Amino acid sequence: MSKLKRFYVPLWFAALVPALFVASPAMAQEKKAPIRAQKILLDNERMRATEGVFKPGEANPMEPRGHRITRVLKGSTTIERAHSNGKTEKIEWKEGGVYYSPADNASSRNIGKGEVMIYTVTMKDKK
């Protein structure tokens with residue numbers, strides 16, 4: 001019987017270790033900020049217009065972006081913009097405000113407590 005007990009303990013341990021490795025990536029992904037959803041209103045060769053709600057904790061991924069104008073239709077919050085060179089800035093978005101962003105490689109995160117509805121027009125590069 002003691003031989004049987006020795007067999008089950010290593011078998012149980014062998015089943016647990018792979019489960020921990022499978023669970024680790026899933027837990028790491030949960031810490032990632034959710035990406036803000038957008039509704040595309042216009043998308044052609046010259047510009048793109050979107051509308052969406054930017055909830056607290058949500059973010060846009062780091063990627064190249066064209067010149068853009070954002071208007072806050074409803075709500076107010078604080079946005080943290082991170083640039084590819086490591087620089088970060090905080091911007092107070094107020095309801096009714098219009099904000100210009102130059103073309104860059106950046107991401108934005110809503111670090112405030114408020115939810116905002118925004119309308120953004122992004123210019124595309126001429127080809």
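**Entry 1: the pocket**

Which strand gives the most to the lining of the largest pocket? I looked this up first, and S9 does, with four residues. Strands here are DSSP runs of E with at least two residues, helices are runs of H or I with at least four, and both are numbered from the N terminus.

Before going on, I noted that this is a predicted model, where local features need pLDDT of at least 70, side-chain atom pairs count only at pLDDT 80 or more, and totals for chains, interfaces and linings use all residues. Residues are numbered from 1 along each chain as its sequence is written, and side-chain values use heavy atoms, with hydrogens and water left out.

Back to the pocket: its space comes to about 520 Å³. It is lined by 25 residues, and the closest to its centre are Gln 38, Glu 63, Arg 65, Arg 68 and Thr 122. For my own reference, a pocket is found on a 1 Å grid over the protein atoms alone, as an open set of points where a 1.4 Å probe fits, with protein on both sides within 12 Å along at least five of seven lines; a lining residue has an atom within 4 Å of a point. The volume is the space filled by probe spheres set on the points, which are joined across faces, edges and corners.

I then checked which strands take part. S2 (47-54), S3 (63-65), S4 (68-74), S7 (98-101) and S9 (116-123) each supply at least two residues of the lining. By type, the lining divides into eight nonpolar, nine polar and eight charged residues. In this count Ala, Val, Leu, Ile, Met, Phe, Trp, Tyr, Cys and Pro are nonpolar, Asp, Glu, Lys and Arg are charged, and the others, Gly among them, are polar.

**Entry 2: the five-stranded sheet**

I followed S9 into its sheet. Five strands form an open sheet in the order S1-S2-S9-S4-S7, with antiparallel pairing; two strands pair if DSSP finds at least two bridges between them. S1 (39-43) and S7 are the edge strands, each pairing on one side only. Neighbouring strands are turned by 20° against each other on average, direction ignored. The axes behind that angle are lines fitted to C-alpha atoms (for helices, over the stretch in contact), and angles run from 0 to 180 degrees between N-to-C directions.

On one side, S9 is joined to S2 by eight bridges, and Thr 122 of S9 stands opposite Arg 48. S9 also pairs with S4 over six bridges, where Arg 71 faces Tyr 119 of S9. S4 in turn has four bridges to S7, with Ser 101 in S7 as the bridge partner of Arg 68.

**Entry 3: the four-stranded sheet**

Next I looked at another open sheet, with four strands in the order S3-S8-S5-S6 and antiparallel pairing. S3 and S6 stand at the edges with a single partner strand each, so one side of each has no neighbour in the sheet. The twist averages 45° from one strand to the next.

S3 and S8 (residues 104-110) pair over three bridges, and Glu 63 stands opposite Ala 106 in S8. S5 (residues 77-83) and S6 (residues 88-93) are joined by six bridges, with Glu 80 partnered by Lys 90 in S6. Their hairpin has four residues between the strands, and Gly 86 there takes a positive phi near 95°.

I picked out Ala 82, which sits in S5. Leaving aside neighbours within four places in sequence, its contacts (heavy atoms within 4.5 Å) are Met 62, Lys 87, Thr 88, Asn 105, Ala 106 and Ser 107.

**Entry 4: confidence**

Last, I checked pLDDT, the predictor's confidence in each residue from 0 to 100. The protein's mean is 83, and 75% of its residues reach 70 or more. Confidence is highest in S4, at 97, and lowest in helix H1 (residues 2-30), at a mean of 51. Over residues 24-30 the pLDDT is below 50, and this stretch has zero contacts in the model beyond near neighbours in sequence. Where pLDDT is low, the predicted coordinates should not be read in detail.
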